[in-house]
Amino acid sequence: MKENYIIYVDNGGTFTDGFLVKEDGTFVTGKASTTPYDLSECLFDTLENTIQGTGESVKTAMKKTEVLGFGTTAGTNTLLTRRGSPRIGLITTKGFEDTTMIMRAVGRVAGLPFEEGMHIAGPD
């Protein structure tokens, strides 16, 4: 029986984190330093470090991978702060232009009781 993997990599400001889920629900994690000058470098380093936890080669594990996702907090931060490089933009559908600003303001407390929302730290 062929085993299928799902791998997700999240690029952050300091570290890039990896998460590999096997078909039976077990998982392994990995991490590498973020390389802001070349995000592909930290992507591949994180993949290698994450897959190492399976005891397989990268080539073998990637053949089993059904889904590979990559997200970046760095891109979101660049968009929201309007600082950094490269220059980026956001394309959205009509009516959703304010989504990032709304989430920045209330996304951390949406759905929480008032008492819990009061104890959530704000942005740095």
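What share of the 124 residues in the protein is buried? Buried residues make up 23% of the chain in this predicted model.

**The whole protein.** Begin with the complete model, coloured by secondary structure. The protein contains 5 helices and 4 strands, and from the N terminus its elements follow the order β-β-β-α-α-β-α-α-α. With the surface displayed, the accessible area comes to about 9,000 Å²; carbon and sulfur atoms account for 58% of this area. Of the contacts between residues at least 6 apart in sequence, 38% join residues at least 24 apart.

**The nonpolar core.** Next, select Y5, I7, V9, L20, V28, L43, L47, I51 and A61. These 9 residues form the largest nonpolar core. Strand 1, residues 5–11, and helix 1, residues 39–52, each supply at least two residues of this core.

**I51.** Within that selection, centre the view on I51, one of the core residues. Leaving out residues up to four places away in sequence, I51 touches I7, L20, E56, S57, V58, A61 and M62. Of these partners, I7, L20 and A61 are also listed among the members of the core.

**T46.** Finally, move to T46, which lies in helix 1. Is this residue buried or exposed? T46 counts as buried because its relative accessibility is 0%, and the cut-off for buried is under 20%. To see what surrounds T46, display its contacts beyond four places in sequence: V9, T16, D17, G18, G30, K31 and A32. Among them, V9 belongs to the largest nonpolar core.

Definitions and conventions
Residues are numbered from 1 along each chain as its sequence is written. This is a predicted model: local features need pLDDT of at least 70, side-chain atom pairs count only at pLDDT 80 or more; totals for chains, interfaces and linings use all residues. Side-chain values use heavy atoms; hydrogens and water are left out. A nonpolar core is a set of buried Ala, Val, Leu, Ile, Met, Phe, Trp, Tyr and Cys residues joined through side-chain atoms within 4.5 Å. Buried means under 20% relative accessible area, exposed over 50%, partly exposed in between (1.4 Å probe, protein chains only). Contact means heavy atoms within 4.5 Å. Accessible areas come from the Shrake-Rupley method with a 1.4 Å probe; for residues, only the protein chains shown count as cover.
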